[in-house]
Amino acid sequence: MNRLLLALALAFDLSGSILAAGGPATAPPAPAPKGTLVIVGGGGMPQVILEAFLKASGGKGGVVGIVPTSTSDPDGALREWKADLEQAGLTMVPLDIRTREDASDPALLDRARRCTGFWFSGGDQNLVGDKIVGTPFQQLVLARYAAGAGVGGTSAGAAIMSKVMLTGEDRNGKEALTEFGPGAYRTREGMGFLPERVVVDQHFLRRGRENRLFSLIMERRDHLGLGIDEATALVVKAGKAVVLGERAVMVFDPSDMTADGSSFWDLRIHLLRPGQAIDLATRKVYQR
């Protein structure tokens, strides 16, 4: 019996040594996307933000796919963008997804493959969740972004950028901002352009949406919260996020936060103005 136990122990030690020395290698981290995100908080788009998006989409000669799924007036959004893009020397491609089946349509996917940039209109982000998330179109745009395409959006088009997406409703299904604490606001899966554990809210300071990000950060203490105000954008490239526009971005960093029920302390908060930036991996703030 003692000999059997000794043999088993030796085998275990040998197996552990083999695994430590030459076992399955850890998969290398996925390379950072080569594209650029232009995430607009809604409430208008100053020229400096528009120019940043056009540049991210290839500038003159670029091909921009407009995704008006969130808006109640998709035809109007397409007309407006067609005029603006043609004036700037870019081509507009309509990616008018109104049903979930549209997001698998081979002809639409072929058009999307040509695009050097994509724009997601404002409106209701849940429509993108219903009709695009989990479809071939989502995977194609993610792949194009990874290869270098620009991706932008405003208002609802900003909310969709993170993997965890605020729906706009509280736990009672209301669009109020009076609830507070873990689980106070509903989320669902978004498009996932931003790194994991980064979440976005929009119209942030103008509409007093601090409660939403406070509550979400208490629930998901490993997430970085980004509250983008109106007429303001975060331009994200290679994991660095720079503020552009007229107002500010509020950052909620819970790295050192402690929470107990509906209270918390040691939450780090930054208010970043145009020209300031944050590294989304290290969470360090710096001047551009």
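Predicted model: local features only at pLDDT ≥ 70, side-chain atom pairs only at ≥ 80, totals over all residues.
Residues are numbered from 1 along each chain as its sequence is written, and side-chain values use heavy atoms, with hydrogens and water left out.

Over residues 1–24 the pLDDT is below 50. Beyond near neighbours in sequence, this stretch has 2 contacts in the model, a contact being heavy atoms within 4.5 Å.

The chain contains 8 helices and 17 strands; these are DSSP runs, numbered from the N terminus, with helices (H or I) of at least four residues and strands (E) of at least two. Of its 288 residues, 49% are buried. Buried means under 20% relative accessible area, exposed over 50%, and partly exposed in between, with a 1.4 Å probe and protein chains only. Among contacts between residues at least 6 apart in sequence, 69% join residues at least 24 apart.

In soluble globular proteins, nonpolar side chains tend to be buried together. A nonpolar core is here a set of buried Ala, Val, Leu, Ile, Met, Phe, Trp, Tyr and Cys residues joined through side-chain atoms within 4.5 Å. The largest such core has 45 residues, of which Phe118, Phe120 and Phe137 touch the most other members. Helix α6 supplies the largest share of this core, 4 residues. A second, separate core has 19 residues, among them Val40, Ile66, Leu90 and Trp119. Leaving out residues up to four places away in sequence, Phe118 touches residues including Phe53, Val64, Leu95, Ala112, Leu140 and Arg144.

Helices α4 (residues 106–113) and α6 (residues 136–147) pack at an angle of about 10°, with their axes 10 Å apart. Axes are lines fitted to C-alpha atoms, for helices over the stretch in contact, and angles run from 0 to 180 degrees between N-to-C directions. The two helices are therefore roughly parallel to each other, the term for angles under 35 degrees. Leu108, Leu109, Ala112 and Arg113 of α4 meet Pro136, Phe137, Leu140 and Arg144 of α6.

Ser215 lies in helix α8 (residues 210–219). Ser215 counts as buried because its relative accessibility is 1%.

How values were computed:
Parallel < 35°, antiparallel > 145°, perpendicular 65-115°, else oblique. pLDDT = per-residue confidence, 0-100.
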